[in-house]
Amino acid sequence: MIKSAFSHLLLFTLLSLNMLITSNAYAQEEITFSKADSLKGGLTAGRVWWDLNYYHLQVKVDIENKSLSGQNEIHYTVLQPQQTMQIDLQAPMKIERVLQGKNELSFTSEGAAHFIQFDKKQEKGKKGQITVYFSGQPRVAENPPWDGGITWSTDKNGNPFIASSNQGIGASVWWPNKEHPYDEPDSMLISVDVPKPLIDVSNGKLREVTEAGDRRVFHWFVSNPINNYGVNLNIGDYENFGEVYNGEKGPLECSYWVLSYNVEKAKKQFKDVPRMLKAFEHWFGPYPFYEDSYKLVEAPYLGMEHQSSVTYGNKYKNGYLGRDLSSTGWGLKFDFIIIHESGHEWFANNITNKDVADMWIHESFTHYSENLFLDYHYGTEAANAYIQGVRSSIQNDRPIIGTYGVSHEGSGDMYYKGGNMLHTLRQLFDDDEKWRATLRGLNKEFYHQTVSSKQIEKYLEEAYGKPLNGFFDQYLRDTRIPTFTYRVLNGKLMYKWENTNPAFNIPIKIYINGEAEWITPSSLKYQVLDGLPEEVEIVIDPNFYVADFNLTN
């Protein structure tokens with residue numbers, strides 16, 4: 001008897017036999033990109049000549065008019081002589097003026113891109129700074145955090161409850177900056193002016209609070225590099241409590257900011273934080289921002305991975321708003337937002353993609369972190385069930401990697417398919433300590449860096465010790481599910497890979513009458529395994545994200 005280990009996926013895959021056996025690559029989606037896309041996502045002439053060193057962002061919040069005003073002091077180092085700097089700010093926000101010292105600089109605009117003309121010659125190696133003054137009513141977030149902007153809401157007591165969220169649309173939806181992920185400031189000061197008695201919580205550590213009349217300014221200092229979309233403001237009737245976690249690098253300040261009437265619920269629910277830190281420091285290495293603390297901040301939307309200021313809106317429930325995304329029961333063992341969004345501190349905030357086309361680096365590893373949390377606290381079988389359970393949500397609609405240079409993300413499969421790709425890679429390593437060392441090594445090798453997919457792929461390949469180009473091309477750049485095609489005849493198992501690129505030749509673990517056997521199919525021709533008993537049951541290890549097709553009958 002021969003069993004399928006992946007029957008639900010097989011049914012989906014076998015809807016077309018032609019799809020199974022074709023050797024053609026996926027059909028590339030037809031997308032037309034505009035100049036605005038290139039200005040947003042490209043390494044333009046106005047960006048590449050200068051290195052971003054430091055921001056001091058000052059924002060005054062006018063709640064009644066739902067508007068912001070302020071200035072951003074931008075410090076930079078000249079890499080190559082150039083006289084035009086691109087700074088981004090999206091309408092309806094406006095740049096009012098730009099100063100360098102006491103000199104007002106002229107600028108032109110093309111959509112969200114603003115081109116500042118320098119009077120003083122910019123010389124290689126020299127440092128400079130400009131101050132960009134801005135104001136306006138920023139875009140209201142209609143479905144945060146996915147449809148980003150500013151959320152203007154109230155809590156149940158009628159107090160203002162306001163937050164930013166802007167991963168996809170970009171931080172320039174509310175403040176002027178160098179809007180490209182390849183370059184980050186080395187540090188940043190965020191000063192947010194709000195009416196009393198409201199509190200602003202932003203990234204890093206609170207340096208001071210200054211007061212003037214009926215308003216006060218919260219000054220938050222970030223001492224580490226930070227990506228633009230990770231910068232946030234959260235304004236509300238907050239109460240604060242916290243704890244100290246004794247982690248791999250010593251005492252870590254954990255600070256929790258929640259609405260005043262949710263303190264007791266938060267004290268219970270946020271017990272997942274030390275459990276998260278215990279698991280993730282085990283798998284990934286030390287929390288990457290000890291100097292800036294770890295904060296969990298209640299927000300008027302589901303949540304997001306703002307660096308050292310993770311936002312939380314999961315309604316104090318386990319799972320995803322009380323739902324198990326894996327349908328296995330294991331997804332209800334933890335608060336999804338606490339675990340997932342905190343996982344981004346390692347993958348998104350510590351290791352950041354250079355181009356949003358490689359957003360899988362953020363989302364695939366972080367989805368996989370949910371699996372590793374379960375592995376640490378509940379065991380490998382629980383983790384395996386969870387990662388297999390989410391496969392029903394994989395679409396295989398388009399490649400996980402998007403188009404470079406135009407701010408274009410790949411498929412949402414970067415979550416579940418990307419996580420299953422990493423889980424499959426763990427099986428190939430077949431050595432959990434080596435796998436753990438590899439994940440920790442990634443966070444050490446690329447500590448506080450922006451990276452490309454190719455850099456991550458190369459690191460994983462070198463750790464594995466064998467070529468993985470066909471593996472990554474299949475899961476990241478193709479939409480087809482690798483299909484283990486086989487037939488049992490006269491005591492022989494004949495098998496090969498179908499539905500793959502020619503370089504996809506990874507080994508796979510199968511079970512023959514319950515006994516594990518590693519075999520290496522080829523994508524080019526059938527391989528043969530002799531000596532099978534007359535009555536044989538073959539099961540594909542379900543931890544591999546592949547389909548199977550039995551030609552025996």
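Me: Is the crossing of H10 and H13 right-handed or left-handed?

Reply: The crossing of H10 and H13 is right-handed; a crossing is right-handed if the near helix is turned clockwise from the far one by less than a right angle, and left-handed if anticlockwise. Before we go on, this is a predicted model, in which local features need pLDDT of at least 70 and side-chain atom pairs pLDDT 80 or more, while totals for chains, interfaces and linings use all residues. Residues are numbered from 1 along each chain as its sequence is written, and side-chain values use heavy atoms, without hydrogens and water.

Me: How are the two helices placed, and which residues of H10 and H13 make the contact?

Reply: Two packed helices are described by the angle between their axes and the distance between the axes. Here, helix H10 (residues 416–429) and helix H13 (residues 469–477) pack at about 160 degrees, with axes 10 Å apart. Axes are lines fitted to C-alpha atoms, for helices over the stretch in contact, and angles run from 0 to 180 degrees between N-to-C directions. From H10, Lys417, Met421, Thr424, Leu425 and Leu428 make the contact, and from H13, Phe471, Phe472, Tyr475 and Leu476; contact means heavy atoms within 4.5 Å. Helices (H or I, at least four residues) and strands (E, at least two) are DSSP runs, numbered from the N terminus.

Me: Which residues touch the most other members of the largest nonpolar core?

Reply: A nonpolar core is a set of buried Ala, Val, Leu, Ile, Met, Phe, Trp, Tyr and Cys residues joined through side-chain atoms within 4.5 Å. Buried is under 20% relative accessible area, exposed over 50%, and partly exposed in between (1.4 Å probe, protein chains only). Of its 92 residues, Phe270, Val273, Tyr294, Trp360, Leu442, Ile456 and Phe471 touch the most other members. Beyond four places in sequence, Ile456 is in contact with Ile351, Trp360, Ile361, Phe365, Leu442, Phe446 and Val451. A second, separate core has 50 residues, including Leu52, Val59, Leu68 and Trp257.

Me: In what order do the strands of the open sheet lie?

Reply: Two strands pair if DSSP finds at least two bridges between them. The order is S26-S25-S28, and the pairing is antiparallel. Strand S26 (515–519) and strand S28 (538–540) are at the edges, each with a single partner strand, so one side of each has no neighbour in the sheet. From one strand to the next, the twist averages 30 degrees. Strand S25 (residues 508–512) is joined to S28 by three bridges, and Ile510 has Ile540 as its bridge partner in S28.

Me: Which residues have a positive phi, and where are the cis peptide bonds?

Reply: Most residues other than glycine have a negative phi, and most peptide bonds are trans. Lys315 has a positive phi of about 60 degrees; Lys315 lies in the loop between strand S20 (310–312) and helix H7 (336–343) and is exposed, at 56% relative accessible area. Asn499 has phi near 65 degrees and sits in the loop between strand S24 (492–498) and S25, but Asn499 is buried at 1%. The bond from Pro144 to Pro145 is cis, with omega near 5 degrees, and Pro145 lies in the loop between strand S8 (127–136) and strand S9 (149–154). Another cis bond joins Lys196 and Pro197, with omega about 5 degrees.
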